[in-house]
Amino acid sequence: MFLASVRNYFSLTGRRLIARRLSSSRIGTSFRLFLLAVSCHSQPLSGTTLRVSANNRTLIEAHRRLMTDSGSERGRRYLGQEEAREFDNSLFNDYKFSIDQLMEVAGLCVAQAVVRSYPASEVGVASPRVLVVCGPGNNGGDGLVAARHLLFMGYDPEIYYPKRTPKDIYKILVAQCEKLNVRFLTELPSAPDIDRDYHVIVDAIFGFSFKGAVRSPFDTVLATLVQCSTPIASVDVPSGWDVENGDPNGTGLKPDTLVSLTAPKTCSQLFTGRHHYLGLRMVPRELASQYKLDLPPYPGTDQIVRL
Amino acid sequence: MGYDPEIYYPKRTPKDIYKILVAQCEKLNVRFLTELPSAPDIDRDYHVIVDAIFGFSFKGAVRSPFDTVLATLVQCSTPIASVDVPSGWDVENGDPNGTGLKPDTLVSLTAPKTCSQLFTGRHHYLGLRMVPRELASQYKLDLPPYPGTDQIVRL
């Protein structure tokens, strides 16, 4: 019974249980420390949201430190927001990868994940229709690339790209799609219309840089998309989620598919959809070691792997 | 993909794109050879040779140092995988003099080139799955379908 409850702490539910129990004033300090020690051997979840009183805060800090440090010994680590930013910078500054290269491979991986998750044979049409919703940053750029590869893979993408940051890379990607006669919607349809007209939605709105409040027009975009029953495939981070803490208020998207890029982000542990892939098979071994990532092997020549 | 590449890149055109690609390989500790080993040494030390010397723009005589490079590679028994066009071949007429490489694998890019019909190696792939349907029609190319999400297809 004791072992079963200890094993329970390895699960996410167990960690939430720990959080609740830590808040309970009926548990003595030594038992709290025991719970912390046990919980740190499960997969790390940095920045766990805990509603605790002031006298528990030092325990929470210790909890955070333990989770971050010891996660490496127990297999896969996840990148937090700051780490993801540094990791990305390292790819550019230390390994000299270009944004074009990474964006192209990222978009290809997203397209492959969509086709694998929603094969035409299962969807029931020769060219499944995909609504690709692109945000203002690189996550949106990944979406623009994905749309193009979806087209080459025989799917029928349409793009909603309401807020276009005036960078050359995005302009070129838009031009490429236009030359390929990919339709750009002028407004986002209603949820019922989306459900009627599309088989899959690609969420390429916000990525690992997302912080703070959702700014217009994406507040209404997300409000529409959460009402859709059409399956959503999110690029790297489900839009509206906190990159570390996930979607505690339940206002973000609930994707059916998540395509983590380079390494899964912390919040991906809270993903409950059917298909989680890792893609962007371009992580130098040294960098993976440096961040103590225990990335899974990719099968053969595949550029994505199911997690 | 877990393989162990080493690169011989004797003549480097000073374009940014090539400089960046070289830098990336260097940062990843990929070794750049200063000279091409002898055929026996290549056969001893490598399992595969990737021939990325000349492509579809190749015309005329093979200029130094690639004349000696090709002369060495044709003596190797290590299988060669050529990128788009076997080096030393005429892009349309192939290798009538038999002095070009005899690759075991050919990776045609976008669409196969005329000379690929004369390819007699074991593995012919088509890759670069980025040909707009309109363009394929315009050139009356009857490109084969790619399986699923694959980026290459066996021809």
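Biologist: How much area do chain A and chain B bury between them?
Modeller: About 1,500 Å². Carbon and sulfur atoms carry 59% of that. Bear in mind that this is a predicted model.

Biologist: How many residues does each chain put into the contact?
Modeller: Chain A gives 22 residues, and chain B gives 16 residues.

Biologist: And how many salt bridges between chain A and chain B?
Modeller: The count is zero. Polar contacts do turn up: seven residue pairs across the interface, both residues at pLDDT 80 or more.

Biologist: Which helices of chain A supply at least two residues of the side that touches chain B?
Modeller: α6 (99–117) and α8 (138–152) of chain A each do. The largest share comes from α6(A), with six residues.

Biologist: What classes of residue are on that side of chain A?
Modeller: Eight are nonpolar, seven are polar and seven are charged.

Biologist: New topic: the sheet in chain B. What is the strand order?
Modeller: β3-β4-β5-β6-β7, an open sheet of five strands in chain B. The pairing is mixed.

Biologist: Which strands sit at the edges?
Modeller: β3 (49–51) and β7 (152–154) of chain B. Each pairs on one side only.

Biologist: In what sense do β3(B) and β4 of chain B pair?
Modeller: Parallel, over three bridges. Strand β4 of chain B covers residues 80–83.

Biologist: What is the bridge partner of B:I49 in β4(B)?
Modeller: B:I80.

Biologist: Last one. By how many degrees are neighbouring strands of this sheet turned against each other?
Modeller: By 20 degrees on average, with direction ignored.

Note on methods. Residues numbered from 1 in each chain as written. Chains lettered and ligands numbered in written order. Predicted model: local features only at pLDDT ≥ 70, side-chain atom pairs only at ≥ 80, totals over all residues. Heavy atoms only, no water. Contact = heavy atoms within 4.5 Å. Buried area = accessible area lost by both parts, 1.4 Å probe. Salt bridge = Lys/Arg side-chain N within 4 Å of Asp/Glu carboxyl O. Polar contact = N/O pair within 3.5 Å; in protein donor to acceptor, adjacent residues only side chain to side chain. Helix = DSSP H or I, 4+ residues; strand = E, 2+ residues; numbered from the N terminus. Nonpolar A, V, L, I, M, F, W, Y, C, P; charged D, E, K, R; others polar. Pairing = 2+ DSSP bridges. Axes fitted to C-alpha atoms, helices over the stretch in contact; angles between N-to-C directions.
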